Amino acid sequence: MITYNILHFLNSLSDFTILYVLASLVIAVLTWIESTLIAKNNGKLPSSAFFAVISILTSSWFIISALALYFLDFDGVMISVPVAYGVYSVMGWFKGVRLMGDDLPDDPKDIVLPTKYLTYTQSFALVFAGLCMAMLAHPYMDLSFL
């Protein structure tokens with residue numbers, strides 16, 4: 001039984017929707033790491049190449065999620081993964097603008113992100129990771145109502 005499920009999961013990796021959800025789980029972990037690095041740097045953006053790569057990946061995932069919504073066929077509740085990331089991104093922009101106020105510095109190195117925003121980001125990362133894991137486990141659970 002376990003061998004069958006492992007083989008079934010490995011075979012399902014050829015399905016782009018499963019690959020998208022698996023990559024979204026990685027993005028959730030990277031989102032957590034990104035906000036933790038900012039929090040450790042007292043709200044300022046770290047100037048490391050590692051942080052820059054993570055930031056580019058998590059930021060571009062909004063566009064990838066929109067493309068996934070358009071091109072991939074999501075079964076049932078599986079569509080919640082790209083929708084959740086899209087809602088998080090748009091709401092993050094609004095929340096960030098509201099928390100930052102009108103007096104933005106000219107240099108991005110001088111921006112200090114509020115702890116409320118970092119808490120919002122870390123909370124989303126946890127919930128999004130749980131959602132991705134649930135959607136990866138969904139084909140193996142007998143939940144016919146979903």
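The dialogue below sets values against definitions.

Modeller: Some ground rules. This is a predicted model, where local features need pLDDT of at least 70, side-chain atom pairs count only at pLDDT 80 or more, and totals for chains, interfaces and linings use all residues. Residues are numbered from 1 along each chain as its sequence is written, and side-chain values use heavy atoms, with hydrogens and water left out.

Biologist: What makes the pattern of this protein α-α-α-α-α?

Modeller: The protein has 5 helices and 0 strands. Helices (H or I, at least four residues) and strands (E, at least two) are DSSP runs, numbered from the N terminus. Reading along the sequence therefore gives α-α-α-α-α.

Biologist: Why are α3 and α4 called oblique?

Modeller: Helix α3 covers residues 49–71 and helix α4 residues 80–100; their axes cross at roughly 135° and come within 9 Å. Axes are lines fitted to C-alpha atoms, for helices over the stretch in contact, and angles run from 0 to 180 degrees between N-to-C directions. Angles under 35 degrees count as roughly parallel, over 145 as roughly antiparallel, 65 to 115 as roughly perpendicular and the rest as oblique. At roughly 135°, α3 and α4 are therefore oblique.

Biologist: Which residues of α2 and α4 meet?

Modeller: Contact means heavy atoms within 4.5 Å. Tyr-20, Val-21, Ser-24, Ile-27 and Thr-31 in α2 meet Val-81, Pro-82, Tyr-85 and Tyr-88 in α4. These contact residues split into 7 nonpolar, 2 polar and no charged. Ala, Val, Leu, Ile, Met, Phe, Trp, Tyr, Cys and Pro count as nonpolar, Asp, Glu, Lys and Arg as charged, and the others, Gly among them, as polar.

Biologist: And which α3 residues meet α4?

Modeller: On the α3 side they are Thr-58, Trp-61, Phe-62, Ser-65 and Leu-69. Their partners in α4 include Pro-82, Tyr-85 and Trp-93. This contact divides into 8 nonpolar, 4 polar and no charged residues.

Biologist: What makes Tyr-117 and Tyr-120 a tilted pair?

Modeller: Rings of Phe, Tyr and Trp (its six-membered ring) pair if their centres lie within 6.5 Å; planes under 30 degrees apart count as stacked, over 60 as edge-to-face and the rest as tilted. The centres of Tyr-117 and Tyr-120 are 6.2 Å apart, with 40° between the planes. Hence a pair, and a tilted one. The two lie 3 residues apart in helix α5 (residues 115–137), so about one helical turn separates Tyr-117 from Tyr-120. Ring pairs also link Tyr-117 and Tyr-120 into a cluster with Tyr-85, Tyr-88, Phe-124 and Phe-128.

Biologist: How do you know that Tyr-117 is buried?

Modeller: Buried means under 20% relative accessible area, exposed over 50%, partly exposed in between (1.4 Å probe, protein chains only). Tyr-117 has 19%, so Tyr-117 is buried. Of the 146 residues, 32% count as buried.

Biologist: Is Asn-42 buried or exposed?

Modeller: Asn-42 has a relative accessible area of 67%, so Asn-42 is exposed. Asn-42 lies in the loop between α2 (16–40) and α3.

Biologist: What is the phi of Asn-42?

Modeller: Phi is near 60°, a positive value in a residue other than glycine. Most residues other than glycine have a negative phi.
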